[in-house]
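Me: I have just opened this protein on my screen and would like to learn how to read it. Could you take me through it one question at a time?

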Amino acid sequence: MRGTSMRPVASWRAKYSRRLAVVDAFVIVWAVAGAYGIRFGFSDLEQSRTSDLDYVLLSAALVLAWWTMLGFWGSREPKILGSGTEEYKRIISSSAWLFGFVAIVSYALRIETARGFVGLAFPAGAIGLIIGRWLVRQHLSLERTHGKSTSRVLLIGGPHSTAHLVRSLRSAPAAGYLPVAAHLPGAERPLAAPLEIPVTGVEADYDSILAVILATEVDAVAISAGVNLHPHDLRKLGWELAARDIGMILAPALTDIAGPRIHTQPVAGLPLIHVSTPKLTGGKKVAKRSFDVLVAGLLVVLLSPLFLLLAGLVKWTSPGPVLYRQERIGLRGTTFNMLKFRSMKANADSELTALLEAQGTGDQPLFKVENDPRITPLGRVLRKFSLDELPQLLNVLGGSMSLVGPRPQRAGEVALYDDAAHRRLYVSPGMSGLWQVSGRSNLSWEESIRLDLYYVENWSLMSDVIILLKTFKAVFASTGAF
């Protein structure tokens, strides 16, 4: 058993919990004090009116209750730090519940509470808390990319599932899980799947596994699919880990499934996991389409002067049409003409096959030519900042595209799809998408299709909003064009 000194994992968890508590206190005081100052003015305090003093006491109580509510709601729990949206959801939920409670009490007891004061404090505090947590998260993510502030994890399971879990955890360092060793109960040697971490053994008995856990001095144990352990031994192991303050993580063989799709139902002591499939029908379809029309229409109006300027530059700098139309494959395999500002010389498509064959990529799904000689000087600028994509807002208004979705591809590329890739066609193609904001055209085909499928399988309107916000950063920070 390890000594009584604080482990590194406990140290960074305590440090960040304290840091979050300080950030929360600062933001809440700023929001409440600012709302008070704007609504009543600080100069009135010198007159010591009873009503003003009442609001001072209310403000102090609100600060204390808000700060306590964030802790009670678990928004500072270490397991949600660093990645995912759960931390932000808990901030919004706890804040909304608190102010909802204040409103109900004020109405029930007929307490006169200034609506302007509450109406300023709540949004300012909620937004400020999210910004503050985001800044702390950036610092934590930076530390984790350098191997600090992480949880050392021992993986237990079958060879293939453990190898997949190693790759998955390493691909998301911001989550803070560092795989340091693997134990493969009942596996045959030599191993069928190579691992990039040390293998401690293949013993399947409880005592041997516990000895490995203690010897590796890990902070958490991740049990993957295919583990050769009796259910009673697994339960006993969970008790022992809890007693030693070591985390226990169960990693089912589910890939690219977002949290809202997973529902747990206890049956006879077993936590059965139900996985729902989101369907873009009914109200969800109407909501997505309404969002597309509203945002695209607003952007067309606001950017109309830029449209005219770019159209004039394209016409002036090279002969040919202003707009480039190309047939692409859309929803359910239907075809449509995708619009762009022309960034290549006229009749550039006739040279594509020869250029792809010259670089040896004619049989790959992404028809991309390196150092493409067909691009005009102005076209390079348009592509760098994705300005050539702006006319696709008209496609969005016409219904052939969406603001967010998998990028539409040519018929020749779709012909190279496997069964999994065809699921990209289950939703309308988009101007931007998950893989564009995750690395844009610098990603491999396999990684791009994985991200597109993740979007299709886990669509939500909030994810569309987040992707659009990230798109602006990706346009200016990345070197690859959409």
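**Reading the model step by step**

Me: Is W134 buried, partly exposed or exposed, and what is its relative accessible area?
Reply: Keep in mind that this is a predicted model. Buried means under 20% relative accessible area and exposed means over 50%, with partly exposed in between. W134 is therefore partly exposed, and its relative accessible area is 43%.

Me: Where is W134 found, and which residues form a nonpolar patch with it on the surface?
Reply: W134 is found in helix 4, residues 115–145. The nonpolar patch on the surface has about 420 Å² of accessible area together. The residues that form this patch with W134 are I127, I131 and L135.

Me: Now to the rings. Are the planes of W66 and F99 stacked or edge-to-face?
Reply: A search of the whole structure finds 6 aromatic pairs. In the pair of W66 and F99, the ring centres are 4.9 Å apart and the planes stand at 80°. Planes over 60 degrees apart count as edge-to-face. So the pair of W66 and F99 is edge-to-face.

Me: How many residues apart are W66 and F99?
Reply: Both W66 and F99 are buried. W66 is in helix 2 (residues 50–72) and F99 is in helix 3 (residues 86–108). The pair links distant parts of the chain, and the two are 33 residues apart.

Me: Which residue forms one aromatic cluster with W66 and F99?
Reply: A pair of aromatic rings is described by the distance of the centres and the angle of the planes. W66 and F99 also belong to one aromatic cluster.

Me: Which ring has the charged end of R76 over it?
Reply: R19 gives one example of a charge over a ring: R19 lies over the face of Y16, at 4.7 Å from the ring centre. The charged end of R76 is 4.6 Å from the centre of its ring. That ring belongs to W67.

Me: Let's turn to a serine. Which backbone oxygen does the side chain of S94 reach at 2.8 Å?
Reply: S94 is in helix 3, and it counts as buried because its relative accessibility is 0%. Its side chain reaches the backbone oxygen of I91 at 3.1 Å. At 2.8 Å, the side chain of S94 reaches the backbone oxygen of R90.

Me: What is the phi of S149, which is not a glycine?
Reply: Most residues other than glycine have a negative phi. S149 is found in the loop between helix 4 and strand 1 (151–156), and at 10% relative accessibility it counts as buried. The phi of S149 is positive, at about 55°.

Me: Where is the place of S386?
Reply: S386 is not a glycine, yet it has a positive phi of about 60°. S386 is buried, with a relative accessible area of 8%. Its place is in the loop between helix 11 (377–384) and helix 12 (392–398).

Me: Why does the pair of E87 and R137 tie together parts that are apart in sequence?
Reply: E87 forms a salt bridge with R137, and the closest N and O atoms are 2.9 Å apart. E87 is buried, and so is R137. Because E87 lies in helix 3 and R137 in helix 4, the pair ties together parts whose separation in sequence is 50 residues.

Me: Which residue meets K340 in a salt bridge?
Reply: K340 lies in strand 9 (residues 335–341) and its partner in the loop between helix 11 and helix 12, so the pair ties together parts that are 49 residues apart in sequence. Both residues of the pair are buried. At 3.7 Å, N to O, the side chain that meets K340 is that of E389.

Terms used:
Residues numbered from 1 in each chain as written. Predicted model: local features only at pLDDT ≥ 70, side-chain atom pairs only at ≥ 80, totals over all residues. Heavy atoms only, no water. Patch = residues over 30% accessible without salt bridge, like charges linked within 9 Å, V, L, I, M, F, W, Y side chains within 5 Å. Areas by Shrake-Rupley, 256 points an atom, 1.4 Å probe, with all protein chains shown as cover. Salt bridge = Lys/Arg side-chain N within 4 Å of Asp/Glu carboxyl O. Helix = DSSP H or I, 4+ residues; strand = E, 2+ residues; numbered from the N terminus. Buried < 20%, exposed > 50% of the residue type's maximum accessible area, 1.4 Å probe, protein only. Phe/Tyr/Trp six-rings, centres within 6.5 Å; stacked < 30°, edge-to-face > 60°. Lys NZ or Arg CZ within 6 Å of the ring centre and 35° of its normal. Polar contact = N/O pair within 3.5 Å; in protein donor to acceptor, adjacent residues only side chain to side chain.
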